[in-house]
Amino acid sequence: MAIQSTSPPLYEKISLKNDAKRAVEIFILLLLVSLLAYRLVHLKDHGLKWQVALVCESWFVFMWVLIVSTKWSPVSYKTYPNRILQRASELLPVDVFVTTADPQLEPPIITVNTVLSLMAVDYPAHKLACYVSDDGCSPLTLYSLMEAAKFAKLWVPFCKKYNIQLRAPFRYFASDATTLSGEDCSLEFQQARDTMKDEYEKLSRKIDDVSQGSVPSNFTGEFAAFSNTERRNHATIIKIILENKGGHPEELPHLIYISREKRPEHPHHYKAGAMNVLTRVSGLMTNAPFMLNVDCDMYVNNPQIVFHALCLLFGTKHERDCAFVQCPQYFYDGAKDDPFGNQLVVLQKYFILGMVGIQGPVYGGTGCFHRRKVIYGSWPNDMKTEKKSLTSNGELTKEESPNDFGSSKQFVNSTAHALQSDSNHPIDLSSSLEAAYQIASCTYEYNTDWGKKIGWMYGSTTEDILTGLAIHTKGWRSLYCSPNPPAFLGCAPSGGPASMTQQKRWATGLLEVLISKKSPIYGTLFMHLHFRQCLAYLWILTWALRSIPEFLYALLPAYCIITNSHFLPEGQEPAIIIPIAIFIIYNLYCLYEYFATGLSIRTWWNNHRMQRIISTCAWSFGILSVVLKLLGLSETVFEVTKKDQSTSTDSTNAELGRFTFDESPIFVPGTALLLVHLIAVFTMLFGLRPQASGNNGSGLGEVICTVWVVLCFWPFFRGLFGKGKYGIPSTTIMKGAILATIVVYLFRLTPTGW
């Protein structure tokens, strides 16, 4: 694409440094180091509890160093989408990928709304192609998309004619139309809106009715391919639902359904495998130089997002400065004050923007624009791919290229065009169908570099982080696109089980990356990953490992109360001011971040306590999953998070924010930890502790810490007496009680001098 150097810039880089905030971060670090020094000086005078505290606090210092390093130079970008047409001779195509895996956990109506919002973005329709990957091989999903395509012929023109901002129908019709359209209250508009609402309700009823019964009742016509199929055992199914054959910018984009082949004897690599199939099939059919991938629940909230992203992709002086553009993940209808701690607002504002100032944000798995050539393994400046050149016939000259990309000559040639930034592709999508079935087979990737050096990387359930890390390791940079209004909105998990499932999957996958050959430490020592970027990745990848020191540190107050000992400096010692100062200043620092983000003190508290719960429960099971995998006893499993179209129900706000439980063993550690602290409080109140030696008994500090832990696990305390989904199952309480009894018994066996 030709860029005019005299034109105004497409984006502006804004530094967000805050010297006062930096000073507080350094002061907290000095306090932490002072506490470690105090521990070391008095190590011989205390027992095991002091050593445990020293190890845990050393870990906390290490984590704080990682955080301070990452947050040190935050950066944001302001984009100017209105300038993009002035800077480009022609807009380039964009392929859009939507992934869904389970029609029960991810209802098709959610996927339909995401697809409709993508088809209606402000971008020439003939430059867009939407590919939907159905890893559940569900005829209901295909049926829903076919019906949605009919509705799209009405919906897309309506959105563009009246400049509708919310282009996901379920969100638009749930809001005030006058406010959303903002410019048209005419009778014509009202009639058009009412017509659209009626049509959408018909669409929803059709999908709902079919989902209640057999889907479909007879496998004929378009659904014949689903006959005798199983979710994990079926041939490839590809359907071209919509095709913009004339290349008209005012019509509808291409819409293609893909369900890749799956066989029990062949690994399918979960979402990473699905993304690689989407990449190959789209490479054959449309071969757009840019690819956008979104989860099935992340609808477009800003119709100009493609232009915003292109400002960053085109505006950089060198391609190496922008391998991909990541948009933040925000959520709609989130429960007030984020009671489950999964909206990640503060994390994205401070930690991710800090990474933007280093080598760029991590790849978040959704809402991300990729350069196709980067996904194909290109290095910055094409240092490693320059030998993959084109002949006069448009074919690769590199003879061994099939070993990299597979045996399909047609696909390999399309790859050559992509690596040379040539968007040439067949006009007729049907002409690529035969080859598309070949490259979507479960055996195509054998003896190739897919998942190793090309495409989405295999080896972790967090394929997004691993893929982004592989890109950064080559020396690429990434950019962050955070327009107003937000680019995409999704649904955050609600309740305890869904949140814990998601966090366990993340912790498991991140730990898999950390211990793999593609770890950031290797990338910094032997490749091109920046040192501070490595530190940022380490903070993310060690989430699971954090559960060990946090769990042990949370046990220390209860241990000291039960054994009548102490792990904090005694009240008469001047050193007591150090942990007090750390506690107060750190919490005030966190409160400042929440207030500066426009959040409430209740949100801060909810996030703080959920962090303790997640670490104890979900992250500890993440470690267990990886250990079992390393021992060869089990394989890690990609667990799909349940999606809800809306959290708006007839329930009260209090019920929406209440923690829920199920019979999963993931709640046992949290239950046990709470019971240990309740036993400690009971032991102290009834004078059942042993006599302290000298003045070494537990003091007010240990009591405050125990109360703090109980408050953090207050949802579990309520769960002990709750009913239904709000109560901890009796089997979980029993397991937690047995574990707590064993822990307390071991406490009492500990020699007094320890």
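## The overall picture

The protein has 27 helices and 13 strands. What you are looking at is a predicted model, so please keep that in mind as you read. Of the 754 residues in the protein, 57% are buried. Take the contacts between residues at least 6 apart in sequence: 83% of them join residues at least 24 apart.

## Helix α1 and its partners

Let's start with helix α1, which covers residues 19-41. This helix has 23 residues and reaches 33 Å from its first C-alpha to its last, close to the 33 Å expected at 1.5 Å a residue. Its buried residues include Arg 22, Leu 29, Leu 36, Tyr 38 and Arg 39. What do the buried residues of α1 pack against? They pack against α2 (48-71), α11, α20 and α21.

The pairing of α1 with α21 (residues 577-596) can be described in some detail: the two helices pack at an angle of about 155°, with their axes 10 Å apart. An angle over 145 degrees counts as roughly antiparallel, and α1 and α21 are therefore roughly antiparallel to each other. Their crossing is left-handed. Among the residues of α1 that take part are Val 24, Phe 27, Ile 28, Leu 31 and Leu 35. On the α21 side, the residues that meet α1 include Ile 578, Pro 579, Ile 582, Tyr 586 and Tyr 589.

Which residues meet here? Val 346, Lys 349 and Tyr 350 in α11 meet Glu 593, Tyr 594 and Ala 596 in α21.

## Helix α27 and its two faces

Now move to helix α27, residues 730-749. With 20 residues, α27 reaches 28 Å from its first C-alpha to its last, close to the 28 Å expected at 1.5 Å a residue. Its buried residues are Thr 732, Gly 736, Ala 740, Val 743, Val 744 and Phe 747.

The buried residues of α27 pack against α20 (543-563) and α24 (668-685). The face turned away from the buried side carries the exposed residues Ser 730, Met 734, Thr 741, Tyr 745 and Leu 749.

## Residues that meet across the sequence

Ile 238 is in strand β5, residues 237-242. Is Ile 238 buried or exposed? Its relative accessibility is 3%, so Ile 238 counts as buried. Leaving out residues up to four places away in sequence, Ile 238 touches Ile 256, Tyr 257, Ile 258, Val 281, Met 285, Leu 433, Ala 436 and Tyr 437. Ile 238 and Val 281 are 43 residues apart in sequence, and their C-alpha atoms are 9.5 Å apart in space.

The other example is Glu 199, in helix α8 (residues 187-212). Glu 199 has a relative accessible area of 25%, so it is partly exposed. Glu 199 and Phe 151 are 48 residues apart along the chain, and 7.1 Å separates their C-alpha atoms.

Most residues other than glycine have a negative phi, and most peptide bonds are trans. Here are some exceptions to look for. The peptide bond from Asn 484 to Pro 485 is cis, with omega near 5°. Pro 485 sits in the loop between β12 (478-480) and β13 (488-490).

His 269 has a positive phi, near 60°. This residue is in the loop between β6 (254-259) and α9 (270-285), and His 269 counts as partly exposed at 30% relative accessibility. Asp 338 also has a positive phi, near 45°, and is in the loop between β10 (330-331) and α11 (345-356). At 5% relative accessibility, Asp 338 counts as buried.

Technical notes. Residues are numbered from 1 along each chain as its sequence is written. This is a predicted model: local features need pLDDT of at least 70, side-chain atom pairs count only at pLDDT 80 or more; totals for chains, interfaces and linings use all residues. Side-chain values use heavy atoms; hydrogens and water are left out. Helices (H or I, at least four residues) and strands (E, at least two) are DSSP runs, numbered from the N terminus. The expected span of a helix is 1.5 Å times one less than its number of residues. Buried means under 20% relative accessible area, exposed over 50%, partly exposed in between (1.4 Å probe, protein chains only). Contact means heavy atoms within 4.5 Å. Axes are lines fitted to C-alpha atoms, for helices over the stretch in contact, and angles run from 0 to 180 degrees between N-to-C directions. Angles under 35 degrees count as roughly parallel, over 145 as roughly antiparallel, 65 to 115 as roughly perpendicular and the rest as oblique. A crossing is left-handed if the near helix is turned anticlockwise from the far one by less than a right angle, and right-handed if clockwise.
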